[in-house]
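Subject: Structure handover

Hello,

Here is the structure for you to look over. My notes are below it.

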Amino acid sequence: MSLSNEKTKSDTTTQLVSFTVGKEKYGVHIGQVQEIIRMPEITHIPQTEDYIKGIINLRGNIIPIIDMRTRFNMDAKDYSELTRVIVLGILDKLVGIVVDSVSKVIELPENDIEDAPDIINGLSKEYIEGVGKMDDDMIIILDADKVLTAEEIKILSEAAESIQKEAVKEEEKV
């Protein structure tokens, strides 16, 4: 009898950071999560989409902040003590997503993840990588790279760089 080190689909797992937006449970791959922070003060960027709440300065990094409720066309809700920003690495840029609460890191066997249906709870398949089954529950696995388009990330990065340059100029005047 020979033992193999190869993993089959049934014994590999995916680690996800789980969170809620509205009544739904979502997850993003843990490898894309840079950190999770409490709701910071956000600097508004004029003439941007409603779901782009603005930018924050996190230890010298200017990070655009996206409200997932607005992005997913859900009713707005006041931020609470549970509201968090998940800072993700998306297309070589840092982006923060505002979520209602962060739950925990979960590990899902690959065979418990199915392809996303065309529409799930009103959310287009374009944002969804798959749906994970957990006991009698499910978790919608977001494709973090598609939460923003490359064009939106470019626009936000340029706006953030411009704001950062202005801040440096102001500091130099002092």
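What follows covers a sheet, a hairpin and one arginine.

This is a predicted model.

First, the sheet. Six strands make up an open sheet with mixed pairing. Their order is S8-S1-S2-S13-S12-S9. The edges are S8 (101-109) and S9 (113-114), and each of these pairs on one side only.

Next, the pairings within that sheet. S2 (residues 24-29) runs parallel to S13 (residues 137-142), with two bridges between them. There, Gly27 sits opposite Ile141 of S13. S12 (residues 128-134) and S13 are antiparallel and share six bridges. S9 also pairs with S12 in the antiparallel sense, over two bridges.

Which residue is its bridge partner in S13? The partner is Ile139. Gly132 of S12 also has Ile113 opposite.

Then the hairpin. S12 and S13 form it, with two residues between the strands. Asp135 lies in that turn and has a positive phi of about 50°.

Last, Arg84, which belongs to strand S6 (residues 84-90). How far away is the nearest side chain of opposite charge? That is Glu81, at 5.9 Å. Arg84 is buried and has no salt bridge. A salt bridge needs a nitrogen-to-oxygen distance within 4 Å. The Arg84 side chain does reach the backbone oxygen of Glu81, at 2.6 Å. Beyond neighbours within four places in sequence, Arg84 contacts Ile36, Ile37, Arg38, Ile97, Val98, Val99 and Val102.

Best wishes

Methods
Residues are numbered from 1 along each chain as its sequence is written. This is a predicted model: local features need pLDDT of at least 70, side-chain atom pairs count only at pLDDT 80 or more; totals for chains, interfaces and linings use all residues. Side-chain values use heavy atoms; hydrogens and water are left out. Two strands pair if DSSP finds at least two bridges between them. Helices (H or I, at least four residues) and strands (E, at least two) are DSSP runs, numbered from the N terminus. Buried means under 20% relative accessible area, exposed over 50%, partly exposed in between (1.4 Å probe, protein chains only). Lys and Arg count as positive and Asp and Glu as negative; His and the chain ends are not counted. A polar contact is a pair of N or O atoms within 3.5 Å; within protein, one must be able to donate a hydrogen and the other to accept it, and residues adjacent in sequence count only if both atoms are side-chain atoms. Contact means heavy atoms within 4.5 Å.
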